[in-house]
Amino acid sequence: MEETAALLPPKRKGALHWTLVFGAAITVQIAFGAYGVLVKKFAAANNHGAKALIFSMYRDMFCFPVLLLAASLIEIPLVRPKTWKEFLLFAFLGLTGMFGNQLFYILGVYLTTADIASIFQPSIPVFTSLIAIISRTEPLPPINKLRGWLKIGGILAAVGGAILMITKKLTDSKGSQEKSLVAGMVCLLVNCMCMGVYVVIQKRTIFAADGFASHWKHSPVTVTAWCYGFGSLWMVLASLVYIFKGTPKVYYDFSPIVFIPLLYAVFISSALAYGLITFTNMHLSPSVVTAFWPGQVFVAVIMAWLVLKEKLSAVEYVGGALIVLGLVLVVSSNMMEEKEAERNQQQYQIQHSTGRASLDHSLQGKSTPGEP
């Protein structure tokens with residue numbers, strides 16, 4: 001009876017539960033979409049802005065204690081790195097997921113526009129799949145199945161959309177403006193690639209059953225906190241270049257208005273958003289959570305039009321649509337793969353249960369040969 005009950009579908013959750021879950025997923029995308037606009041409006045202005053590296057450094061330095069405090073309240077006891085392998089792991093995660101990802105995103109916002117920066121963000125899951133395939137974390141997409149072609153098509157669509165947007169800026173811009181825009185888009189591509197590497201390394205070392213740091217998978221907020229801690233360390237080390245150049249005033253010589261996006265980054269787009277991502281990951285599959293990512297594009301485009309008076313060209317809309325299409329195709333492929341794995345697991349459980357019941361019946365018959 002216990003085995004049969006284990007095979008029954010779980011009890012359905014109520015409408016209020018799913019309203020909270022999907023509301024949290026939408027709130028995350030609103031928080032991310034507004035972040036680029038605030039950075040462009042208050043931090044990137046030439047007359048009172050902060051250097052991209054300095055802004056990123058302060059963001060990580062302030063986020064680290066906030067997330068560590070949240071982790072100490074949510075995930076008890078608080079876990080900390082103990083072995084040299086774990087220190088190296090978090091140093092690398094901080095280098096890619098925090099230092100590289102955030103610094104190049106801020107540089108991309110500074111050099112391009114807030115809406116272009118947000119349009120590139122849905123390509124992160126696509127590049128993550130590509131990096132996972134190259135690093136053999138995931139197998140090659142099976143070309144004999146629909147999900148294989150969906151993943152291949154999604155990767156090609158996202159890459160094609162990014163190339164289309166860069167090419168458009170190359171043809172429309174001249175001189176220093178052209179160099180600035182192209183450099184900004186390259187920074188955004190590096191931003192997406194760094195985040196992809198960060199996710200893949202986490203998956204291989206922490207969230208894989210055979211990962212050497214798999215005991216951390218039950219403390220996702222703590223993992224994020226330590227990544228921010230090591231990321232801030234990389235930021236501080238990189239910022240020493242201003243000391244060597246004899247310009248230490250960049251650490252403090254900016255308008256107080258810069259604290260608006262900085263506080264938003266610490267408490268909304270980092271602490272709140274990552275907390276809600278952790279909450280949604282507990283109730284939804286990673287593919288469904290990722291499917292909400294295009295929402296930040298629409299938030300950013302609308303806010304950039306209202307606040308910054310920025311507008312995209314028709315070609316840039318097409319490029320953005322290709323990136324979003326690539327995400328949709330890759331997410332669809334991942335969802336099909338998850339459903340296929342669930343069916344295989346259910347079949348295995350049924351076969352195992354049936355085989356065990358037959359064995360028990362056979363043993364019972366042999367143990368009572370004298371009964372009529």
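Tyr 58, Phe 62, Phe 254 and Phe 259 come together as one aromatic cluster, in which rings of Phe, Tyr and Trp (its six-membered ring) count as a pair if their centres lie within 6.5 Å, with planes under 30 degrees apart called stacked, over 60 edge-to-face and the rest tilted. This is a predicted model, in which local features need pLDDT of at least 70 and side-chain atom pairs count only at pLDDT 80 or more, while totals for chains, interfaces and linings use all residues. Residues are numbered from 1 along each chain as its sequence is written, and side-chain values use heavy atoms, with hydrogens and water left out.

The structure holds 8 aromatic pairs. One of them joins Tyr 58 and Phe 62, which are stacked at 6.0 Å centre to centre with 15 degrees between the planes. These two residues are 4 apart in helix α3 (residues 52-74), and therefore about one helical turn separates them; helices here are DSSP runs of H or I with at least four residues, and strands are runs of E with at least two, numbered from the N terminus. Tyr 58 is buried, at a relative accessible area of 18%, whereas Phe 62 is partly exposed at 37% (buried means under 20%, exposed over 50%, partly exposed in between, with a 1.4 Å probe and protein chains only).

Phe 90 and Phe 230 are also stacked, because their ring centres are 6.5 Å apart and their planes stand at 20 degrees. Since Phe 90 belongs to helix α4 (residues 84-111) and Phe 230 to helix α9 (residues 220-244), the pair ties together parts that are 140 residues apart in sequence. Phe 90 is buried with a relative accessible area of 0%, and Phe 230 is buried with 15%.
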